[in-house]
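Here is a short briefing on one protein model. Look over the sequence and the fold, then read the points below.

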Amino acid sequence: MHSVTVELGVASTAELVDALSVIATELAGRDVPESAAVCLELTETLAAATDLQESAMAGFIGRVDAAGEQARWGYPSPKAWLRSRLGMRDNRAKDRLALARQRHRLPQVAQRLAAGELSFGYATTIADSVARLDDIDCAQAETLLLEMADAGFSAGKVAAFGSRIRDVIAERDGTEDAPDEDTKRGYAKSWMTTTRSLDGGRYVKGWLNPEDAAIWDGTLAPLAKPAGPDDRRDLGERTAAALSGVLSGGHKATKVTVICDLDTLTGGNAPARLIDGTPIPAEQARRIALSAGVSPLLLGKGNTPLYLGWRERFASPAQRQVLEALYPSCAVRGCEMPGTLCEVDHVHGWALGRSPTDIDQLTLVCGWHNRFKHSRPDQIQISKDRDGRYVYRLLPPADARPATPSNGPPGDPTLDRAA
């Protein structure tokens, strides 16, 4: 049993967090009371206390986000930090980041959450609803949604109302649009609609089934990579440029990598998969093969030259194809950037003469982590998993590590343990 003594009025924020951690550890180890009625009451009390903690956490996350502190630890975005470091699922990370970023525009929500008068569920629902509103509409939306919460509407009802808060404001201003019918379409067939804007541009939206999505990824993903270190376009802008290039005839070949057994191509029922792990029914794999052709993918020495030594600086298309089959995502543990959008990285640095352009010396790393690795090599620990794939682990900044002899340089044999 642990003990903790804290003078609330004079304790620092760090001391309060440490005390809370000790109490939570002790509570988690306790047996559940036999009385269901007691458990119900304790659950409600604990949930209210948890909401108060969420209020404090929103402030912490907001400060990390504003300062970009997560980048110093090797995470390209606050969301990536929350997902990888804290193990949050996408929706959970999204909720906390939305609240952290919107709380300064939601004074009533922030005040009531901190006072225990509003639940975290209501607070994140309102924060998400106002994310794309200007400050004037945000203030009105906050009042409307809080009134719904006070009237006893569930968080789900408030979320449903919040999702159409733009429509409510449009109705108020007399600018509402016709109802959207696209959601009534099914998922079996691909579809796309375009609407011309007043300035001559077009809004594009639609849905691609898995087969067409594979063709989309195989065609546009290689073309949507950053053009170089000075390319400041985001992924959406690069994808639009890639699509324009394809439509204008600047790109003719489509590459779709489907991993399957020969038996599947000759009529078997064993499913295939895309390089990101998406399962593909055997019949669908055969349709892709008929339209795109079939080429063997040799995972090792053979007819495809996979070992180029030092005579070639850049990986060949055949090597890239193998790497995309081996690495469905960035080699940095916790990074979920698809392998098709990653860069080929010489594990030990080609420029240093330590890593030839050979398939067993290459991996796939997203552009952000590739730059991070070369600018802060002391924060990357390199190892291999049981399948022989490279795994990059992020290490804390030097000034945040404990002063122990265990912190060796990247690639130190004492650190290269199998995943």
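Is Phe372 buried or exposed? Phe372 is buried, at a relative accessible area of 4%; buried means under 20% relative accessible area, exposed over 50%, and partly exposed in between, with a 1.4 Å probe and protein chains only. This is a predicted model: local features need pLDDT of at least 70, side-chain atom pairs count only at pLDDT 80 or more, and totals for chains, interfaces and linings use all residues. Residues are numbered from 1 along each chain as its sequence is written, and side-chain values use heavy atoms, with hydrogens and water left out.

**Overall**
- The protein chain has 16 helices and nine strands. These are DSSP runs numbered from the N terminus: helices are H or I with at least four residues, strands are E with at least two.
- Of its 419 residues, 33% count as buried.
- Take contacts between residues at least 6 apart in sequence: 51% join residues at least 24 apart. Contact means heavy atoms within 4.5 Å.

**Aromatic pair**
- The structure holds one aromatic pair. The ring centres of Trp368 and Phe372 are 5.5 Å apart and the planes are at 15°, so the pair is stacked.
- Rings of Phe, Tyr and Trp (its six-membered ring) pair if their centres lie within 6.5 Å; planes under 30 degrees apart count as stacked, over 60 as edge-to-face and the rest as tilted.
- Both residues sit in helix H16 (residues 367-375), four residues apart, about one turn of the helix.
- Trp368 is partly exposed, at 25% relative accessibility.

**Nonpolar cores**
- The largest nonpolar core has 29 residues; Cys330, Val332 and Tyr392 touch the most other members. A core is a set of buried Ala, Val, Leu, Ile, Met, Phe, Trp, Tyr and Cys residues joined through side-chain atoms within 4.5 Å.
- Elements that each supply at least two residues of this core include helix H2 (36-67), helix H15 (317-326) and strand S9 (390-394).
- Domain 2 (31-176) and domain 4 (307-394) both give residues to this core, so it lies between them. The domain bounds come from an automatic or database domain assignment.
- Beyond neighbours within four places in sequence, Val332 contacts Val365, His369, Tyr392 and Leu394.
- A second, separate core has 22 residues, among them Leu99, Ala127, Val130 and Val158.

**Glu54**
- Glu54 lies in helix H2.
- Glu54 counts as buried, at 8% relative accessibility.
- Not counting residues up to four places away in sequence, Glu54 touches Arg96 and Phe120.
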